[in-house]
Amino acid sequence: MFANKSTYSFSDNDSKLVPVVMGIVAILLGLIMVFFGVIMRSSLIDFENNAETVVATITNIITTRERHGDDVQTNHDVFVRYTVEDIVYEQELGYYSSNMFVGNTIEIMYKPENPMHIQVNDPMMYNILFVIGFFVVLIGMCIIIYVIVVVSKHKRLINNGTCLQGIIVDIQTNKLMRVNDVEYIVVVCEVSDTHTGNTVTYYSEQTPADTRYKIGNTVNIYIDLQNSDNYYVDLKSVGVTN
């Protein structure tokens, strides 16, 4: 029932690489969103400081659709008419909101030295980009912190826990989880106590499917004798004779 301990390194646990990569990608994506949110908000403030306002009328909304593979992107080009110093201008707004309709009025900003340069005063759009970016960064950090905590737990159990040898009795496929067309599974193991005849069942964490994991193979299981719910099924030891 007892087995020899192995050593632990982060690279041994490939199932942790996927969430780490996802966390890093989320952080980078979030930082890009925050960066552009700040830049665009700063640009709007600079425009506001040197602009005048005028009420414009929406004269046309042109809707077009573009297909990108299976996705269809809908674009709206909004045109407005406004008057500055008795001169009538009609320009594309470069902005769209679902509550816009032809004939509606909207307050816009324009540069006095170039009335054709217009912009909508909508800081919320840039604030939303900043806030979403911030939360995406936060999610990425939480994913990486979670992986660090789990890896530390595994290392601690290998170094300080009791190593038992179990037998794989079942492999459960998670049909709801698939990454890069690879299924994720849970390996079910049993450890039998030859003295009492009792059998204890242990479950691995979600891990990519691997042909090495077969029913009947042996696997090391590290447990905390003070807390039987605290254990680690060491899948890299599958089939290794101790």
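**Contacts, exposure and strands**

Reply: Leaving aside its neighbours within four places in sequence, Arg-65 is in contact (heavy atoms within 4.5 Å) with Val-72, Gln-73 and Thr-74. This is a predicted model, in which local features need pLDDT of at least 70 and side-chain atom pairs count only at pLDDT 80 or more, while totals for chains, interfaces and linings use all residues. Residues are numbered from 1 along each chain as its sequence is written, and side-chain values use heavy atoms, with hydrogens and water left out.

Me: Why is Arg-65 called exposed?

Reply: Buried means under 20% relative accessible area, exposed means over 50%, and partly exposed lies in between, with a 1.4 Å probe and protein chains only. Arg-65 has a relative accessible area of 62%, and is therefore exposed.

Me: In which strand is Arg-65 found?

Reply: Arg-65 is found in strand β1, residues 52-68; a strand is a DSSP run of E with at least two residues, numbered from the N terminus.

Me: What makes β1 and β2 a pair?

Reply: Two strands pair if DSSP finds at least two bridges between them. Eleven bridges join β1 to strand β2 (residues 71-84), so the two strands pair, and they run antiparallel. In β2, Val-80 is the bridge partner of Ile-58.

Me: In what order do the five strands form the open sheet?

Reply: The order is β3-β2-β1-β4-β5, with antiparallel pairing. The edge strands are β3 (87-92) and β5 (114-120), each of which pairs on one side only.

Technical notes:
Helix = DSSP H or I, 4+ residues; strand = E, 2+ residues; numbered from the N terminus.
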